[in-house]
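I opened the model this morning to look up a few things.

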Amino acid sequence: MADPANTPLGQMLLDEITPVVMVLGTPLVEEACLKNGINFVQMLSPFCAFNNIDVPVRTASDQPYRLQKFKLRLFYASDIRQPNLEVARERLKQLIIQAGEKDLSELSSDPPPTNYEHNGSESENLPSWFQFFNKELVRSASFSDHEAFDHPVACLLVVSSKDEQPINQFVDLFNNNKLPSLLNDGAMDPKILKHYLLVHDNQDGSTEKSARILTEMRSTFGSDCQLLCINSSEDGLVEHHDDPWALYKSDASPGQNVGCFLNVDDLNEMKDIMQDLSTKHIIPYMEQKIRVLNQQVSATRKGFRNQIKNLWWRKGKDEVADLSNGPMYTFSSIESQIRALGDYAFMLRDYELALSNYRLISTDYKLDKAWKRYAGVQEMTGLTYFMLDQSRKEAEYCMENAFNTYLKIGPSSQQNATRCGLWWVEMLKTRDQFKEAAMVYFRVCGEETLNSAVMLEQAAYCYLLSKPPMLHKYGFHLVLSGERYKKSDQIKHAIRTYKSAISVYKETRWSHIKDHVHFNIGQWYANLGRYDLAASHILEVLACSHQSKATQDIFLRHFLQIVQKTGKTFEVPKLQLPEINISFLKVIFEDHRTYASATAASVKESIWRSLEEDLVPSLSTARTNWLELHSRVLPTKYKESNVCVAGEAVRVDIEFKNPLQIPISVSGVSLICELFGSSDETKSDGNNLAGEFQNDDGSVETTSGEMSNKSSSFSLSKVDFSLEGGETIMVQLTVTPTIEGILQIIGVRWNLSGAVVGFHNFESNPIKKRSSEGRQRANRSGDNLKFVVIKSLPKVEGFIRPLPTSAYAGDVRQLVLELRNHSECAVKNLKMKVSHPRFLNIGSRESLNVEFPACLEKKRSEHNNVRHNPSNMSQPVFLFPEDTIIKGESPLLWPLWFRAAVPGNIFLYITIYYEIEDTSSAMRYRTLCMHYNLQVLPSLDISFQVSPCPSKLQEFLVQMDIINKTSTESFQVHQLSSVGEKWAISLRQPVNTDFPSQCLMAGQSLSCFFMLKDQRRSGTSEDKTSLSQQVGSVVGLGPQGTIESLFDTSSSPLADFHSRERMLEESSHQSDSTVDFILISRPLKSDPDSVLDVDIFSLLGCSIASTSPISWHVDGPRTLYHNFSSSFCEIRLSMTIYNSSNSIASVRINTVDSSGNLSESTSPQSATSSGNQVGWHDVSLVTDIKVTSDVLGTRSIKPPSLDSVSSFVWSAASSTRVQIKPMSMAKIPLQICAFSPGTYDLSNYMLHWNLLLPDGEVNLDEGTRQSAGTCQGYPYYLTVLQST
Amino acid sequence: MGREVSESCVDSLLTELVSTYSTRFYANKPDLAAHSIEAIGYQVGLQLSERYTMDRPRFSDHLEAIKFICKDFWSELFKKQIDNLKTNHRGTFVLQDSRFRWLSRVSIDPSENGDVSEDNPAGVAENKASLVTKMHLNFPCGIIRGALSNLGIPCAVSADISNLPACSFVVRIKV
Amino acid sequence: MIVCVAVVGHQNNPLYIESFTDADDALKLHHIVHCSLDVVDEQVNNPKKSGPTLNETFLGLLYPTENYKVYGYFTNTKVKFILVTTDLDVRDTDVRNFFRRFHAAYVDAVSNPFHVPGKKITSKTFEKG
């Protein structure tokens, strides 16, 4: 550690604890001095500090040492008394106030960022007026009678040379009762060193008079008399460059030039006199006095005897001592002498001596319970230790002890406590124990708020300075002191402390505290009238989502009040209220691709691209040629940026969120754009729009209107909305450029409840673009908010009516596509592509005005019926006729056929491509994207099963099961028709028997049987060209009246839909022997002529070729009545077996009574019948695919009501064998006996057949065909009823 | 803590995790997959360490923390301690587990490089298998890193497989 | 009674702070907690005079303010738990096992896979320690 004398505390002590010289002067002296604007003491004070004198001194024990630095304190005798507390306090307050005034200047500027590792000294961020303040505090405790270093050492008697009989003046200057109480009440020795000074004012003429007086004085008072001549300069124009009185004149009136009459030799004379006074008189005097005192003390106290005696004596006089403040010590009392000795020694820097005496006296005071004196001694002991720089613990202990003792005494010695505390703090600071220092500060601050505020602030700085800096406490104490400042309305200081506290909380997340600090600063600034600053601070706390609702309300209200006071609206970048969710920012603009609806705009990018691929000639070439078109029109640097069309709006979707719980009203939300006209660089940017942002009513029309007559080059839309607490809304803003050029969307701005205008710039944020170009460019170049505005183009709008939102599966409707082009410039060769051709089929223009569904009915003459051309099936793009041109107000209407093919949610995407007539325009073509989604409900669940007819080869048994899956709708089955001339379908039974009511209620199911006949020559498989021109056979299922009004399934659009389905399933499998059914039904409730329910199925019929050569069928009675009471019932049946092979077949019929033991025959039978089964499975397009995978394909036909218990026996021989000639049939009688009424399934027999090849030669041609096999019997249901 | 999970569940979970990330999500970017798996492990380690260090005195230095990882943490996870801990005293630690549980089920199929005659596909297969195994090791690496960084020790953890059930983690403490 | 409990993350960011006084002295409590962080730091960093035993998670009484007592708890994972209580005769053991429960609750909350380090949503039941 450095020399204690150089530490701040050392300095402080060296000029606070110095000999006091009491000044007694006559009024004339003052008068002479006041010419210079300063009184006598002030005039001399600068010359009382000696830094380079060299005075030899001897300690009490005769060690010589030398004093280099010395200082005298001059006081008027009238000032030598305990200063009045109120006065002191007032002075302090003034000091603080002017300090506040001073640094209000830099209040507006933020405090310097406190670097927390603060390598520099504390002076960097410590306000400079703290020293003064502390000094004042210390001074306020001076001249207490319990300590001797404030007692005057010498007395300077000053008389002016103009006084008459100055000698007498000198005498009664000292003798009259103007002496301070210290000398009178015997607290100190009244016999002190006197020094006589005669002041001569040179302006009063020559000095010989005064010289005469001086000699007279010398003769009277002895040697220590001197003459001081001042005011030597006649003209009061002396300029003191470094004003020596700067520190000392506190109350001198400013303005007048201080010391104007004192020229250089005046100053020198003063200096000499003071130096002479101190060196030649005061120091020797003190030295002398120290010796005297030391001898007395050592006489009475040193040595063991004295100690004992002293102790005993004190015990003795303990009782008499009043316990309040200990006994009263006069200067002559030994205690006072010891104390004085110590102080003198201290002042002469003989610290060992001082220390020993302090130690000596402290015990006595303690024993006497003279607490104040004890504390004072302790204090001095601590300081002495410090100056000796030894045993720090001891020093600190003493200081603390003193401090506590002072506090114990009570308010009377509050000042001393404060002084002691300050010194203690300084001591700790010097030793870098800032934390402890801060704590001491904390203890120093008493109940007096202003002082404590300052103390707390200093404490805060101590925390900051401590290593490692304790920032939290720093902030906390700053806030505390700010509070105190505020209480003792020092708002400026409060603001200062809070502002420096901000730096602590700024980057932390202690938002509660942060808000408090900011909010208070804001309010205080508002009190000071600095509304702009106030608002800027309260802005910080606006978006306080964590605060309570009430607090948010308060914040917002105050903010609005303040802003109103400011009278102007703020413009705040990145205002947090409301928040903008930038990740949801979405830019929609239309370059080549235009959207029919907003939903279409939000469709995924790839879908449109895939649709456009074969519409647009080729995207790449198209782009290149509009790029090179641009490269002529535009500067090349904009080649990359997006294209939008003048007069067409660019839409931006922004999501606003209200973080608060209180509703906020946002108005005038609009984009900030700038548009450089391509012709002239007229830049109309955000801030000339700012003018009309102020008015809160902004609807799109008015804004665009006034924009236009402001001849601005684009028009913005404005939105007003109010957000409830925590609400989030998505706002769509548009900007519509009106001239060509470069449009740049900079950001969004809004107006928070008419007070604040918030900006938000998009630039820094990544934006997902909704355009192919944008998507590509988003990663390439940042400026994807920059648009090249090209001159206006025709834009086709289109919609489909009346497209239902929900339909039943299979519904067929007639729709109309309507295209409009408002501009006069025509668009030509249109193309169209539909994403789901199964659902949407493009009709022909003729069928625009036919009535539906009558147009579908069979006509005798089919000339006007449009044959569907497979061409528009083959290529997916529909080309409108060449001559279609849309312009002006005449819309283009085009018929569409809609069929809900598959249930579920269907998204229909339609892209219409068109080219612009005039090739001069920047874009050759554009596309219109339409998007609809509709819900298709399942209606009729239909499944077919085809099984080869037992009897006839070319006939098949078709079972159709219909289940009405709808909840409410009821359908009327109208007709079933088989497609293709290959097949002819016919009803097994007349409709009415198994289908009494023609309409199928909800949930109802129905199954009916058909006979399907293959009309082609058997064997030769026929190419599918027959499918292309469609003639089919139709079975009307409707009521008799409607039978003749059958629909023609071979005409468009049904045929088209059908062939769609065909094409769909061609991919799945290929076989020639498929049969397609078209079931037409119509819902009853909804008006039938608009909707038609068409279900298209295509089933693979069983391939005849691969079945066994043996086919048979059993015929006999189906139902019969028998009286079982009489006897069991015998039923005769006959089986007809047909051998289709060209070789003799021997067939053996096994009848099994119990359907259990077919096991031995399953494997070959499964072989064949699997060959039988492979042919047919249901590929119906309706939802559920019913694949009957069981080997016995016939079992699924079995109605569930039947029980197949074989309660009958085959009464014929259990096995009969027949030989059948090729291509011939045989009849075999069968007989069963039934024992109980019931329904029997006579399928439990099997045919074992094998082909007898003539004399064993292998026929090569039919090597594939198996020569033996087993067939399970067909089901044959026989119902026997009890006859009554 | 009281609750335990059956080991097979954890194993299959880990396998699924790895396969999902390395084949489905980032099929062609193995490093990205590795990173994300490691991130998952990081989160797990963060939370586990929070729990397992609940009632124990604070660690005075890094070595103690590493020891904690080797002993208690490891045995909480794998019911066994790290078998061998090496360190150069410059912030690099090598934790060796002679039978790492999560690799005990992993096996590089010998037929993969057995029956193919030319060594090139053998090398490829071997390479591939080891890559997959490394994928599996990203997760424990992340766990270690998470635990340590939650203990205030930022570090980088890497693992390598010597021979299969054994593996060693290398912890490099960032200074 | 317990006036305030707080969980503070490893870079002194408040994870959770809850005051149980009906009066709105939340701000003061925030300040107290915030200040106590300094004490925690110094106790941890120079453990010469740190808590009862070296490196124990429980830091003991941080500092008594005029009418509060602030206790601290410092986990391995540099998470600090602060407890501000008003009743002036609290046995250390009570505070200890309060902190233990508190820590357990915190761990459970953190182990929630959907927990993102940051502001911590807790559904914990505090009881008088």
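**Entry 1. Chain A against chain C**

I count a salt bridge when a side-chain nitrogen of Lys or Arg lies within 4 Å of a carboxyl oxygen of Asp or Glu. I keep in mind that this is a predicted model. How many salt bridges cross the interface of chain A and chain C? I find 0 by that rule.

I then looked for polar contacts. Between chain A and chain C I get 2 residue pairs, both at pLDDT 80 or more.

Next I took the area. Chain A and chain C bury about 1700 Å² between them. Carbon and sulfur atoms give 68% of that.

Chain A brings 14 residues and chain C brings 19 residues. On the chain A side, helix H18 (471–487), helix H19 (491–505) and helix H20 (511–528) each supply at least two residues. H18(A) gives the most to this side, with 5 residues.

**Entry 2. Chain C against chain B**

The salt bridge count between chain C and chain B is 0. I find 1 residue pair in polar contact across this interface, with both residues at pLDDT 80 or more.

The buried area between chain C and chain B is about 1700 Å². Carbon and sulfur atoms carry 49% of it. In contact are 23 residues of chain C and 15 residues of chain B.

Which element gives the most to the side of chain C that touches chain B? I checked strand S4 (69–74) and helix H2 (92–111) of chain C, which each supply at least two residues. H2(C) gives the most, with 8 residues.

**Entry 3. Nonpolar cores**

I went inside next. The largest nonpolar core has 218 residues. Within this core, Phe40(A) and Phe656(A) touch the most other members. Helix H17 (residues 449–465) of chain A gives the largest share, 12 residues. At least three residues come from each of domain 1 (4–101 + 122–284) and domain 2 (579–589 + 648–790) of chain A.

What is Phe40(A) in contact with, leaving aside neighbours within four places in sequence? My list includes Val23(A), Val29(A), Glu30(A), Cys33(A) and Tyr76(A). It also includes Leu156(A), Val158(A), Leu197(A), Val199(A) and Leu228(A).

I noted a second, separate core of 41 residues. Among its members are Phe59(B), Trp74(B), Met135(B) and Leu151(B).

**Entry 4. Chain B on its own**

I counted 6 helices and 4 strands in chain B. Along the sequence they follow α-α-α-β-β-α-α-α-β-β. Chain B has 175 residues, and 41% of them are buried. I took the contacts in chain B between residues at least 6 apart in sequence. Of these, 59% join residues at least 24 apart.

I stopped at Leu32(B). This residue sits in helix H2 (residues 30–52) of chain B. Is Leu32(B) buried, exposed or partly exposed? Its relative accessible area is 35%, so Leu32(B) is partly exposed. I also took its distance to Ser22(B), which is 10 residues away in sequence. The two C-alpha atoms are 8.6 Å apart.

**Entry 5. Chain C on its own**

Chain C has 2 helices and 5 strands. From the N terminus I read β-β-α-β-β-β-α. Buried residues make up 57% of its 129 residues. Of the contacts in chain C with a separation of 6 or more, 50% are between residues 24 or more positions apart.

**Entry 6. Positive phi**

Arg349(A) has phi near 65°. Where is Arg349(A)? It lies in the loop between helix H11 (334–347) and helix H12 (351–368) of chain A. Its relative accessible area is 23%, so I note Arg349(A) as partly exposed.

Lys79(B) is another non-glycine with positive phi, about 60°. I place Lys79(B) in the loop between helix H3 (62–78) and strand S1 (84–88) of chain B. Is Lys79(B) buried or exposed? At 56% relative accessibility it counts as exposed, because the cut-off for exposed is over 50%.

Definitions and conventions. Residues are numbered from 1 along each chain as its sequence is written. Chains are lettered from A and ligands numbered from 1 in the order in which they are written. This is a predicted model: local features need pLDDT of at least 70, side-chain atom pairs count only at pLDDT 80 or more; totals for chains, interfaces and linings use all residues. Side-chain values use heavy atoms; hydrogens and water are left out. A nonpolar core is a set of buried Ala, Val, Leu, Ile, Met, Phe, Trp, Tyr and Cys residues joined through side-chain atoms within 4.5 Å. Buried means under 20% relative accessible area, exposed over 50%, partly exposed in between (1.4 Å probe, protein chains only). Domain bounds come from an automatic or database domain assignment. Contact means heavy atoms within 4.5 Å. Buried area is the accessible area (1.4 Å probe) that two parts lose on being put together, summed over both. A polar contact is a pair of N or O atoms within 3.5 Å; within protein, one must be able to donate a hydrogen and the other to accept it, and residues adjacent in sequence count only if both atoms are side-chain atoms.
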